Amino acid sequence: MHETQEHHPTGFLSRVVFSRDHKVIAKQFLFLGLLFLGLGGSLALLIRWQLAFPGKAVPIVGAFLFKGTAGAISPEGYTMLFTMHGTIMIFFAITPMLVGAFGNYTIPLMIGARDMAFPLLNMFSFWMAAVSGAVLTASFFVDGGAATAGWTAYPPLSSPGPTPGLGQTMWALSLFLGGVSTLMGAINYVTTILMLRAPGMGLFQMPLTVWGMGLAAVLNAVFVPVIAAALLMLMLDRVAHTGYFVSGSQPGSAGDPLLYQHLFWIFGHPEVYILILPAWGIVSDLLAIFSRKPAFGYKATALSMTTIVVMSTVVYGHHMFTVGLSPTLGKAFMSLTMLISMPSSVLFLNWLGTIWRGSIRLEPPMLFALAVVFVFGMGGLTGLYLGAITTDIYLHDTAFVVGHFHYTLAASVLLGSLAAIYFWFPKMFGRMLSAELARVHFWFTFLPLNLVFFPMLVEGYGGMPRRLYEPTAYRFLAQFLPLNQLIGFSAVVLGLAQVVFAVNVVYSLARGQTAPANPWEATTLEWLTASPPPHENFQEIPVVHRGPHEHSLPGMTERDWLGQWEPKEPSTPSDPAPAPIPSPVAA
Amino acid sequence: MNAEAVMDLESTEPVAGSHELTPGKVGMWVFLVTDALSFGGLLIGYASLRAWSPVWPVPSTVLDIPLTAFNTFLLICSSVSMVLAVASAEAQDRKGVIRYLAATIACGAGFLGIQAYEYHHLFSTGLSLSSSLFGATFFTLTGFHGAHVTSGVLYLSGLLAGVLAGKFVGPHESHIEIAGLFWHFVDLIWILIFTFVYLV
């Protein structure tokens, strides 16, 4: 059974670069994601500079980046900045970090497998992502610069007429390749979760992280091909002049720009859930572990996430209320959108139920998990205004939308990723991160984050359109210039706080305290094995005897947790007295 | 390391008999769902563009239906020989596997040859990706499918080379069956394309 443990690869290339070990691939994805997070964040700072000080020369880097305009950002440059910021953050920062890195890291370890089902495919998945990122980065340097049609790349903006440059074509190619990489990962994740669970690990014994990762993979497997088809048509439009999305490009032909929007959002709305589901799963687990309680309503949480996955396929029309959708169709999409907030509320209330009367340990991962609860609540509530047609018609394409999706995606997912990093870093690298620096990082991230995104809601409510080069040039929007400057300063503080994080990571990698196997007294399988885990993860495949969060149960006297791997003792005293913790035991 | 190798590491020791679910089979099924949706995206585009276009040629006036009907027949024959190859693999009949895999590859290659001839003919009449939406959708859909047939032929050729070298046929093997899933899927998609692009 262990004969392959001797096959431990030894060369640098096979161990670090072209590794098939899911733990190494996870680290590769993590560093790829962090790299692009830095790049995307820098673009955001440039965007905020232009909005806070329109047309002024960018300090320090301006003279180097924008030579032609004496350091100021041009309107075309501004368009490119927000296009590339969105694209990079969604497809090259969040996706590699949450799905690529933590999906890869947690799934095999948490279900008690030695690796992914298809390790070679896993390696290809990373390298395809790396190539795709390289194509996108290279597009900054081609003639005419990078893409400028917005992260959604609606035709005719993205058609060869308005954006003739090579950059826009490379954008489409890069996303297509990124999609292929994601699909390889999704096939691997679904197969691994279905087939390689340790003995005793039923679907309802799986940690909620695995539920989130698995459901996100299902959505990826189903909907990434649709955007791939749309991108293929877009590329053919640009390269072979097919005219799919351009009306009247040939005599008698009726190419349809709206067709692209439909295909884009059929994928695009599930994509929102693809990004948030892993964070939901991680937060659900962390809240239980650091409240020292079983996750409240474990099954309901898992099934709510499943319901959201199913329903996310039929709500995409709420992105298109203002394109001239038939009112009947619009109302149907609005009702479905309102319905999907119900399973989301179940999930949210279960989080509150989990921390209710828990013995909360405010370790860094828990701080970030609690912050996710707050910002996701904000994102969810502001979403209601956009899901209702009447309010959406007013708020559509304003800064309110930008604030809303940054609360759900940027804030929730970024804080969720950071929670995941603080939680699993000891397991991944065998060293503890400094908790003091982590707290500094937390407060200087969480507070400025809200000062960046909340004013956007106010500005959007005041009618400020998104994507304008200089919105405050209009008299009725001039009042928002101070608010834009507040956002700008907060964004700088937010950016600087990440330096603290980088210092913490680098310092801890070199000098951090050595991590024990289970520093958080957590119950899931990855904490059974050493930190960092050996090649092929476990000395012996564990047998699962318990649910994923057995904390503070009646009869626990010595310690308040029992790992999933610990057999049920026949001598466990059955306590007939009322349980001290008013929550159902996880199934 | 392939799927079976990983399975062998597991303490549960599942037997990869011909009707057992293996990671390889599950992975292929998930891939087929994925691939079906990518054809789905293209077919949705085709349907909506054709429905809203003021002019659309009657396909039989542009395309050679009898020739493509023969090509469809060829592909269905290849599915039959693929079934026989899988059955031979199950019976661990190495010679049978070689014979039927070769026949499947031959049919697939024949299909591609006829498609190449058809493309050549259509190009000469002026139909191209950029000539009209009819041309764009026709070449995108059939081209995307042709790419699948090409990769299928390469995939099966790789398997055939392996079988000739003494691999892939044995008690715990499911490679031929997994390849069969892919091949039947590609045939099934062709039936849809033939119906919607050529006949309707």
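The contact between the two chains takes 40 residues from chain A and 35 residues from chain B, where two residues are in contact if their C-beta atoms, placed from the backbone, lie within 7 Å. The model is predicted, with local features needing pLDDT of at least 70 and side-chain atom pairs counting only at pLDDT 80 or more, while totals for chains, interfaces and linings use all residues. Residues are numbered from 1 along each chain as its sequence is written, and chains are lettered from A and ligands numbered from 1 in the order in which they are written.

On the chain A side of this contact, two or more residues each come from helix H5 (119-138), helix H6 (166-195), H7 and helix H8 (257-291). Here helices (H or I, at least four residues) and strands (E, at least two) are DSSP runs, numbered from the N terminus. H7(A) gives the most to this side, with 9 residues. The chain A residues that touch chain B divide into 27 nonpolar, 9 polar and 4 charged. In this grouping, Ala, Val, Leu, Ile, Met, Phe, Trp, Tyr, Cys and Pro count as nonpolar, Asp, Glu, Lys and Arg as charged, and the others, Gly among them, as polar.

In chain A, 32 residues of domain 1 are in contact with 38 residues of domain 2. Helix H4 (75-111) and helix H7 (208-239) of chain A each supply at least two residues of the domain 1 side, and H4(A) gives the most, with 11 residues.
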